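Please open the model in your viewer and keep the sequence panel beside it. This tour goes from one selection to the next and says what is there at each stop.

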Amino acid sequence: MSIKETPNDLHQLVHKLGGPSFVARELKISVSTLHGWMKQGRVPNMQKWVELKELDNRMQDVLK
């Protein structure tokens, strides 16, 4: 299963969270894998999608 967003949405989310290097490190994936996801506009792994959304929630809590 994959979760689709537009490439721009995923790109904006990654940059909002601190950039590709930070997000890739947090998700325990390579930066090149993350760039591939951003180019395709989808996260092909449901678990990584959940982790990405959890990271987004944690970062929002920190910024409050």
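**Before selecting anything**

This is a predicted model, in which local features need a pLDDT of at least 70 and side-chain atom pairs count only at pLDDT 80 or more, while totals for chains, interfaces and linings use all residues. Residues are numbered from 1 along each chain as its sequence is written, and side-chain values use heavy atoms, with hydrogens and water left out.

**The whole chain**

Show the protein as a cartoon and follow it from the N terminus, where the elements come in the order β-α-α-α-β-α, giving four helices and two strands. Helices here are DSSP runs of H or I with at least four residues, strands are runs of E with at least two, and both are numbered from the N terminus.

Of the 64 residues, 33% are buried, where buried means under 20% relative accessible area, exposed means over 50%, and partly exposed lies in between (1.4 Å probe, protein chains only). Among contacts between residues at least 6 apart in sequence, 67% join residues at least 24 apart, a contact being heavy atoms within 4.5 Å.

**Select residues 20–27 and 31–40**

These selections are helix H2 (residues 20–27) and helix H3 (residues 31–40), which pack at an angle of about 110° with their axes 9 Å apart. Axes are lines fitted to C-alpha atoms, for helices over the stretch in contact, and angles run from 0 to 180 degrees between N-to-C directions. H2 and H3 are therefore roughly perpendicular to each other, since angles under 35 degrees count as roughly parallel, over 145 as roughly antiparallel, 65 to 115 as roughly perpendicular and the rest as oblique.

To see the contact itself, display Pro 20, Ser 21, Val 23, Ala 24 and Leu 27 of H2 together with Val 31, Leu 34, His 35 and Trp 37 of H3.

Stay with the loop between H2 and H3, where Lys 28 is found. Lys 28 has a positive phi of about 60° although it is not a glycine, and with a relative accessible area of 73% Lys 28 is exposed.

**Select the salt-bridge partners**

Side chains of opposite charge can pair when their charged atoms come close. The structure holds three salt bridges, each defined as a side-chain nitrogen of Lys or Arg within 4 Å of a carboxyl oxygen of Asp or Glu.

Begin with Lys 16 and Asp 56, whose side chains meet in a salt bridge at 3.0 Å, N to O. Lys 16 lies in helix H1 (residues 7–16) and Asp 56 in helix H4 (residues 46–63), so this pair ties together parts that are 40 residues apart in sequence. Asp 56 is buried, with a relative accessible area of 8%, and, leaving aside residues up to four places away in sequence, Asp 56 touches Leu 13, Lys 16 and Leu 17.

Next select Arg 58 and Glu 26, which form a salt bridge at 3.4 Å, N to O. This pair links distant parts of the chain, with Arg 58 in helix H4 and Glu 26 in helix H2, 32 residues apart. Arg 58 is partly exposed at 43% relative accessible area, and Glu 26 counts as partly exposed at 33%.

Finish with Glu 51 and Lys 48, where the closest N and O atoms of the salt bridge are 3.3 Å apart. Both residues lie in helix H4, three residues apart, about one turn of the helix. Glu 51 is partly exposed at 21% relative accessible area, whereas Lys 48 counts as buried at 16%.

**Last stops on helix H4**

Keep Lys 48 selected and show what surrounds it: Lys 48 touches Leu 27, Lys 28, Ile 29, Trp 37 and Val 43, not counting residues up to four places away in sequence.

Then move to Lys 53, also in helix H4, which is partly exposed with a relative accessible area of 31%. Draw a C-alpha to C-alpha distance from Lys 53 to Leu 13, and the model gives 9.5 Å in space for two residues that are 40 apart in sequence.
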